[in-house]
There are 2 protein chains.
Amino acid sequence: MTPNMTARPPADIGVSLDDIDTPALLIDLDAFERNLRRMGDAARRSGLALRPHAKTHKSPMIAHKQIALGAVGVCCQKVSEAEVMAHAGIKDILVSNEIVGRTKIGRLVALAREVRLSVCVDDADNVRALSRAAVDYGANLDVLVEIDVGANRCGVAPGTAALELAGIVARAPGLVFAGLQAYHGPAQHTRDYGERGAQIAVAIRQTEQTRELLSSHGLDCRVISGAGTGTYLLEASAKVCTELQAGSYIFMDGDYAKNRAADGGPFGEFEHSLFVHTAIMSRPTAGRAVVDAGLKALGVDAGMPDVSGLDGARYIRASDEHGIVSLEGPAQSVSIGERLNLIAANCDPTVNLHDWYVGVRDERVEALWPISARGPGF
Amino acid sequence: MTPNMTARPPADIGVSLDDIDTPALLIDLDAFERNLRRMGDAARRSGLALRPHAKTHKSPMIAHKQIALGAVGVCCQKVSEAEVMAHAGIKDILVSNEIVGRTKIGRLVALAREVRLSVCVDDADNVRALSRAAVDYGANLDVLVEIDVGANRCGVAPGTAALELAGIVARAPGLVFAGLQAYHGPAQHTRDYGERGAQIAVAIRQTEQTRELLSSHGLDCRVISGAGTGTYLLEASAKVCTELQAGSYIFMDGDYAKNRAADGGPFGEFEHSLFVHTAIMSRPTAGRAVVDAGLKALGVDAGMPDVSGLDGARYIRASDEHGIVSLEGPAQSVSIGERLNLIAANCDPTVNLHDWYVGVRDERVEALWPISARGPGF
């Protein structure tokens with residue numbers, strides 16, 4: 001296989017910002033560490049477990065830091081992510097997703113012999129396939145029934161459908177019925193806090209009613225997992241979830257920052273700590289700069305990135321390898337070779353484009369962490 | 001460094017479609033080879049050189065196939081792509097982009113000692129930096145002046161600005177003025193063929209006038225490089241460009257296929273040969289399936305993918321690891337575990353998410369090609 005020259009780190013430890021090759025994925029280590037501590041503290045105060053989502057960072061280095069500050073383990077979305085985390089010593093992993101197909105299920109149960117592993121289900125045939133594999137490999141697998149509390153993605157309906165599936169899980173050899181997965185993705189991005197609160201109130205009520213229904217049939221939910229960075233305060237105060245799955249708080253997406261918090265102001269608990277560091281490669285007109293970060297360095301599904309700390313500069317268009325930045329006023333003084341820091345609207349798919357985090361403190365590169373689980377994931 | 005489990009190939013040679021792990025990036029080898037031959041034949045008939053863009057595939061395996069059918073070399077967008085191609089034996093590479101910064105320029109000229117290498121410029125200071133490095137490393141670098149023929153991205157204005165910069169290149173030690181880069185990106189995606197033709201007519205006129213102006217000052221353009229999959233027939237018949245840079249024709253993006261050809265019908269010369277192969281992982285309601293290919297397996301910047309060969313199925317929403325497919329009519333018979341083939345609206349950023357091509361013929365895996373230059377690129 002041809003060596004992939006693009007997989008080498010874009011900097012050396014100790015160099016200054018200008019010696020980082022571009023485009024690169026920068027972590028402001030001070031801001032990042034404050035974010036880690038703030039969520040760790042918030043979870044501790046709430047009495048709920050924190051199980052951060054590793055799909056955000058895909059990095060065991062970061063997972064270990066979260067656990068050192070009190071997290072009980074991590075969530076993963078793919079078996080391949082769980083494998084990377086387990087091989088790096090993470091001992092408690094929830095695959096917060098349905099796992100389908102012989103190959104994936106085999107790898108899942110093989111991993112369940114090595115670490116504490118939970119998985120979500122929303123289909124009876126899938127439960128039977130998981131059970132057969134667990135028995136076959138001599139593994140014990142914790143299983144959460146995923147209920148659809150408004151996200152309109154995966155999950156069975158709350159109430160009787162969940163009860164029926166939980167019963168099938170509880171009777172299945174090799175599987176342990178552990179509780180519910182109740183995550184409301186779209187609510188994370190609802191701009192108005194009151195509206196977000198109303199969506200989560202419905203989700204919490206449905207989850208609580210399902211928990212009570214199951215309990216009345218002898219099926220106790222040891223775990224109810226849910227919440228994200230945009231709603232975790234709501235779930236924390238409702239105390240129906242037993243654990244919080246927030247992930248994005250470590251980096252703070254551009255889109256999340258546009259949410260409104262309880263007091264009506266901008267979402268203020270967390271800081272932007274992740275930046276796509278990019279160089280200006282062309283200055284064709286007074287009002288236009290072209291940077292070397294386009295669709296292959298930035299997720300733009302939730303909109304164009306913000307330009308950090310340069311008034312009058314707006315990233316207006318992305319092509320595969322280029323970004324067009326419109327310039328007004330003093331921003332027009334930028335020249336070829338200068339660096340800009342971009343705040344991605346959606347961090348998760350942005351991280352997934354890169355192979356390395358470049359950790360920066362006091363204008364110097366202090367850490368290089370591989371994005372070990374990068375990729376579409378199996 | 002933790003091994004990246006997601007970088008292993010998603011299939012073994014010889015297995016059937018159902019044994020490919022999902023999501024995977026499939027090439028229909030028959031369609032792909034027909035596309036390769038069609039463009040090779042079209043370039044030969046036109047008398048223009050074909051220099052396909054390797055940013056599309058990032059794979060030396062595919063570059064070698066293009067050269068075997070008559071291509072003179074490849075285009076790259078990044079030095080790291082050029083390095084991967086050069087190390088795999090590609091001897092003639094145009095970096096169809098501006099290369100800025102000490103590190104990148106050093107790598108570029110180092111590579112220019114190994115293979116025939118050309119680069120684009122649109123700034124006098126950048127020309128001087130390239131010249132110093134070329135002299136320093138004892139390299140000879142061919143340089144094209146990029147002119148902006150309507151794309152509003154990089155490039156100097158056609159005419160006198162191009163003349164001035166070409167003169168600076170021609171006088172710069174270590175550099176050889178080779179000609180012009182004149183690529184109109186947005187025109188590739190103009191739906192109406194007449195309108196596209198009008199845009200390219202302007203671009204061609206500006207290019208021709210610039211060529212004549214330079215020639216009248218003793219600066220001959222040996223190379224004029226341009227064109228893409230959406231417009232190559234226009235450039236081929238105008239014969240102002242000396243080489244065609246089309247890249248997407250090998251895979252045929254969903255978006256390109258929505259273009260209208262000369263006869264008013266859908267763009268018909270090339271076939272879709274690239275598919276994101278995905279499994280249904282949840283069937284929560286009659287009208288909804290969830291597949292395991294979302295933003296980390298698919299570029300959605302140009303819109304949602306089309307579902308190939310399943311009437312009534314529409315991919316309507318992508319989250320990080322999930323795709324929501326709405327189902328109508330007979331499509332509602334699909335069940336968990338079944339596979340769908342998705343046609344990405346924009347192939348280049350989709351390819352860049354994956355580590356392997358899985359080549360398929362007669363329902364069997366026949367090739368596994370690494371996407372060796374995957375990544376944001378340095």
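**View 1. Salt bridges join chain B and chain A in this predicted model.** Across the interface of the two chains there are 14 salt bridges, each a side-chain nitrogen of Lys or Arg within 4 Å of a carboxyl oxygen of Asp or Glu. One of them pairs the side chains of Asp148(B) and Arg288(A), at 3.7 Å from N to O. Local features here need pLDDT of at least 70, and side-chain atom pairs count only at pLDDT 80 or more, while totals for chains, interfaces and linings use all residues. Residues are numbered from 1 along each chain as its sequence is written, chains are lettered from A in the order in which they are written, and side-chain values use heavy atoms, leaving out hydrogens and water.

**View 2. Here is the contact between chain B and chain A.** Chain B brings 74 residues to the contact and chain A brings 74 residues, where contact means heavy atoms within 4.5 Å. Together the chains bury about 6,000 Å², with 55% of it on carbon and sulfur atoms; this is the accessible area (1.4 Å probe) lost by two parts on being put together, summed over both.

**View 3. Leu94(B) sits in strand 4 of chain B.** This strand covers residues 92–98; strands are DSSP runs (E, at least two residues), numbered from the N terminus. Leu94(B) is buried, at 1% relative accessible area, where buried means under 20% (1.4 Å probe, protein chains only). Leaving aside residues up to four places away in sequence, Leu94(B) touches several residues, among them Arg51(B), Val74(B), Cys120(B) and Gln245(B).

Definitions and conventions. Helices (H or I, at least four residues) and strands (E, at least two) are DSSP runs, numbered from the N terminus. Buried means under 20% relative accessible area, exposed over 50%, partly exposed in between (1.4 Å probe, protein chains only).
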